[in-house]
Amino acid sequence: MSIVVRFNPANLTSQQYNESVRRLEAAGTWPPDGLDYHVCFGSDGDLRVSEIWDSHEQLEAFGERLLPILADVGIEFAGDPDVFEAHNSVKR
């Protein structure tokens, strides 16, 4: 079953977000296997990320590659992300 993940990093800026995506793309790990949907939203300095994943296992596998990059860029999290089983997902 798919999962919805909501990340609430502390004080995330567009510069930090863009740099982390750039590094993931350069490493050939973006977009990762199992990621169905990714959206970054909010105002600069208070950005949030929500994603839909095929499985919790795929999210965890990607996290092993992602977390060192986030730490290097200075992105900090206050606790674990919110994770929910998806009831339904509709795309146009």
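How many aromatic pairs does the count come to by the ring rule?

Modeller: The count comes to three aromatic pairs. The rule takes the rings of Phe, Tyr and Trp (its six-membered ring) and pairs them if their centres lie within 6.5 Å; planes under 30 degrees apart are stacked, over 60 edge-to-face, and the rest tilted. Take Trp53 and Phe62: their ring centres sit 5.8 Å apart with the planes at 35°, so this pair is tilted. Ring pairs also tie Trp30, Trp53 and Phe62 together into a cluster.

Before going on, a word on the ground rules. This is a predicted model, where local features need pLDDT of at least 70 and side-chain atom pairs count only at pLDDT 80 or more, while totals for chains, interfaces and linings use all residues. Residues are numbered from 1 along each chain as its sequence is written, and side-chain values use heavy atoms, with hydrogens and water left out.

Now for Ser55, in the loop between strand 4 (46-53) and helix 2; helices (H or I, at least four residues) and strands (E, at least two) are DSSP runs numbered from the N terminus. With 16% relative accessibility, Ser55 counts as buried. Setting aside neighbours within four places in sequence, Ser55 is in contact (heavy atoms within 4.5 Å) with Met1 and Ile3.

Strand 1 pairs with strand 4 in the antiparallel sense over five bridges, pairing being at least two DSSP bridges between two strands. In that pairing Phe7 stands opposite Val49 of strand 4. Strand 1 is also joined to strand 6 (residues 82-85) by four bridges, again antiparallel, and here Ile3 stands opposite Glu85.

For contrast, look at Pro31, in the loop between helix 1 (14-26) and strand 3 (35-43). Pro31 has 61% relative accessibility, so it counts as exposed. Pro31 and Ser14 lie 17 residues apart in sequence and 18 Å apart in space, C-alpha to C-alpha.

Technical notes:
Buried < 20%, exposed > 50% of the residue type's maximum accessible area, 1.4 Å probe, protein only.
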